[in-house]
Amino acid sequence: MNTTHKRRGRRSLAAILAAMLMASVLAVVAGSPAQAANTSNEALVDTNDDGVPDAREFGGRDRYDTALSLAKNFATGRGGLGGVPTAFVASGHTLVDAVSVSGLAGFMDAPVMLTPSDSLHGGVADFIEDYGVDNIYVLGGSAAVADSVLEDMEALANEPTVSRIEGADRYATAAAIASKLGGSASWCGGDEVAALLVSGNAEELINAVIAGPIAHRLQLPMLMTAADELPTATTDFIESEDVEQIVIIGGTDSISEEVEAALSDAGVDNVDRIAGDTPAATSVALAELMTGDCEADLAPVATETVALVHRDALPDGVTAAPVLSSTYANNGDLVPILIVGDTLPASVRDYLRATPVEDEEGDKVNMAVVAIGGTAAVSDSVMEAALTAAASAGGLTVSISGSADDADAALAPGATFYLHFSDNVSPEGLDDKIRDIVDVNGAPARLGADTRDPAAVVHTSSATECNRKVVMVTLDDAATVELKAGDTVSVESSSIKLGDREDQRTVAPTSKTVPAATVDRDRPVVTIQAIVGLESFTVSVSDPSSSAISYVPDEAQAEAFDQDDIAFDADGDNEVPDFTESIDGTTSFTIDLDSNQVLERGDRITVKGNVFEDAAGNKNRPVSLTAVVPPENPKIVSVLMSNPNHSDHATVTVHDDVVSADASVSIAANADGAAAGAAGNDWSIVYDKASTWKKDKDLEIDVRVNSRDKIVSVRFNNGVPKYNDLVDALHDNSAFAAMFTATNGTTTDSANPCLGKDVNDEMPIGALDRQITSKLRGGATRVAIQVRFNGFVDAILDAQLFGDVFADTIERNTPAGGTAPDRGELFGSNGFNLDLATPSSDQDTELTVSGLDVPDNSIPTTMATYSLLTTNVKHLPMSRDLVTTVAGANVVVDDADTDEDEAADAVPAVAVGFTDDEDTDEDEKHNAASQHRIRVSSSVDAPEKPASDS
């Protein structure tokens, strides 16, 4: 026997029986105790070695995975490899044979695992081999676990000995298990031969789970009975082992008084009963006994840890007994089981509220709550409710923000700011409490009427009763009180408690200061464009802070440029042309030279300093430029593309034929996944129901991701799922979770119904049983494309340039046998058109490239930058696409035979330069040939989504 299982300190039998009698008759009374443990937390484990607990240790993908997680914890507590000589294996389909094994598992110091009835679970096989299990006991007959499964276990590499423990029915199997244990154990505090008795009714088996850890610790037999009749196999065991004391777990609805009488007839001297009105209340009664009158006999008993098991998650509870009795957290404590449902039962809530604030040494108690099973069993909302009930202090924090939606947003000058609490706060009395805790610059804040109104609580969802975390605070505008740069808002530590209902906690102090206004010290920037051969030059003025710019003229020339401010030096003769160009509020203007005068090589333009001023009073530096010689036949030197900006992400609500009419389950593409932006529009969700689907079988949802065809398949194999079950099943698929997020928009536990579409609201899919498809829509991607030339050009012909830049894109999108548009026909009055394939009926015009921003090429430039918005990623150019530009021409020649000029075959230009050719008219103005591949470059900024579109 393991030393942690030895019983210590006996009490008198009379005292124990009196305590048990009290436990059996006391009803659970709802009401708030004085206080709960100081703080609480969910017991998690670190799965990525970053030192931060992040997942449930026993949150398996299914019952088999959860059972394996529990078995591995048990094995680790027994020394790891080689420390588990014996193990029990039971059917995961029917748990009736496994619920009675807790006492025998305690006697043999063995874990309990589950396998399908007709096949050996791979994880169980690995466990047997990895831990060198020598002896395996299979619970139940071949109808529960097939003979082939035993043969597979015997054939494992370590060749374990495999045998069955079985009986003619569940009662006989329980008796057979008890016979392996014998009749030497006694109930806590007593010295009589004892056994536990539970109902064999499938609906009442949860009582065996509740008693499992105690049966394991005391190595007590756990017998079964029918509700109104004591089975022969049970009677035979009692009589053969001379059992003197029976402890019934459960009320008279599960085990009647007639059975109690039959026990006395079988020779049992003492029949005691531990029961509550519900399984949850029964679990509370046992937990109170474990930490009360029976603590000395069960020691060590955990006083700062409890385990939650869902009433319908029988497999999880059955396999948890060995761990909760001995090895959880590797400290040997016996951990009580508390039964929960889809909500936290009142009896469990009250028990948690009564947990001690301090231990015997006076240290504050932190109550650890461990879930047995994943969120499909013990939901996040139930866990949160348990944590709230178990803690009496700590944890309520607040952030001060300038935004109702962003807790980290900076404060801004004005009369309003927001308090973001870490948990709900009640609006009742909130006005006075806010006045007590909020200071501005170290003094109590002068608050306006809005904050005195409970309606001033800003809710982060429409369900105002479920989410009260954000409070809008308005300063007294009647007294013209406003925050200014440098003001500090603080929440001061005090005895004032905030919270919702019984959850009242002191708020941790914090503060935030309104940032000082940014000082604009950026000077206006002056650039000059002066090209040899032109009769004018251009001066542009920009301001980095985007403020207004004004001209600072001499007093005598308030509306015109002073010739002394902008100097034109032609061949060193310092001749300054006359000009009277008014700025008229613009920041780019052209200055014409005197008639018949053009810019020549060596000409230099100078703009003096301090002649342009921005709104902050900053003035420009002087700048000068020598006229630039334009290139002959300008050519493209690079085509660069920005990284994509996935400005919108595709979404879809779960199909109406899958969920009920008030559904609010949605799926959205992740911003950092492969389906971000326009790529998400290629994906579909296909819902399916297996032809073998059964309502009453264990829930099973099969989610698969077909990345090649962009399909997420959801098949309902068995059971009746709720909204959260669908969400959890989707997220359990790693490929789905990497690309998408599913959300249940319901806000209360009661608003988490079965998916259901039939009259009973139970079928996961209604009349359409197979292949219901929903397509994601709304994703959009923005990119910028920058075409650079080797010098200034006079004009860029967008329509021709598009044909070259998008040549490979056009080829990719032209259907087999189709005809691609001619070069120059991509851009027209309706915008940019790449609609080369017939869109499906549910696609709107946004699925072609649209929203193309064309730059103003009316002034000399060296580049063109185009901004594109698309909802179809196939219409985007790709890195390494080839951009081939032929030499442009527009040649006119004389025909020797006629008096008319004839135009040669013209190749449309993509750009027109400034250089005239005296011999061949104009063709040196047109672009030269070039060939470049598109490169993605971080030097090109991706287009931002306009604020008006957000």
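The second largest cavity is lined by S100, G103, L104, A174, I177, A178, L181, L220, P221 and M222. A cavity here is a set of points on a 1 Å grid over the protein atoms alone where a 1.4 Å probe fits but cannot get out, and lining residues have an atom within 4 Å of a point. Its volume is about 40 Å³, a volume being the space filled by probe spheres set on the points, with grid points joined across faces, edges and corners. Two helices, α3 (102-108) and α6 (170-181), each supply at least two residues of this lining, and α6 gives the most, with four residues. Helices are DSSP runs of H or I with at least four residues, strands are runs of E with at least two, and both are numbered from the N terminus. By class, the lining has eight nonpolar, two polar and no charged residues. In this scheme Ala, Val, Leu, Ile, Met, Phe, Trp, Tyr, Cys and Pro are nonpolar, Asp, Glu, Lys and Arg are charged, and the others, Gly among them, are polar. The structure holds three cavities of 30 Å³ or more.

The model is predicted: local features need pLDDT of at least 70, side-chain atom pairs count only at pLDDT 80 or more, and totals for chains, interfaces and linings use all residues. Residues are numbered from 1 along each chain as its sequence is written, and side-chain values use heavy atoms, with hydrogens and water left out. The protein chain averages a pLDDT of 79, and 76% of the residues score at least 70; pLDDT is the predictor's confidence in each residue, from 0 to 100. Over residues 1-34 the pLDDT stays under 50, and the model has 59 contacts for them beyond four places in sequence, a contact being heavy atoms within 4.5 Å. The pLDDT is also below 50 over residues 891-895, a stretch with ten contacts beyond near neighbours in sequence.

Side chains of opposite charge can pair when their charged atoms come close. The count of salt bridges is 14, each being a side-chain nitrogen of Lys or Arg within 4 Å of a carboxyl oxygen of Asp or Glu. In one of them, R56 pairs with D380, the closest N and O atoms being 3.8 Å apart. R56 lies in the loop between β1 (39-42) and α2 (63-77) and D380 in helix α14 (residues 380-390), so the bridge ties together parts that are 324 residues apart in sequence. R56 is buried, at 14% relative accessible area, whereas D380 is exposed, at 52%; buried means under 20%, exposed over 50% and partly exposed in between (1.4 Å probe, protein chains only). E42, R56 and D380 are linked in a network of salt bridges.

A further salt bridge joins D648 and K945 at 2.6 Å, N to O. Because D648 is in strand β32 (residues 645-648) and K945 in the segment after β51 (935-936), this pair ties together parts 297 residues apart in sequence. D688 and R715 also form a salt bridge, with the closest N and O atoms 2.8 Å apart. D688 is buried, with a relative accessible area of 1%, while R715 is partly exposed at 31%.

Strand β9 (residues 270-274) contains V271, which is partly exposed at 23% relative accessibility. Leaving out residues up to four places away in sequence, V271 touches I246, I248, E260 and L263. V271 and E260 are eleven residues apart in sequence and 6.9 Å apart in space, C-alpha to C-alpha.

Notes
On a 1 Å grid over the protein atoms alone, a cavity is a set of points where a 1.4 Å probe fits but cannot get out, and a pocket is an open set with protein on both sides within 12 Å along at least five of seven lines; lining residues have an atom within 4 Å of a point.
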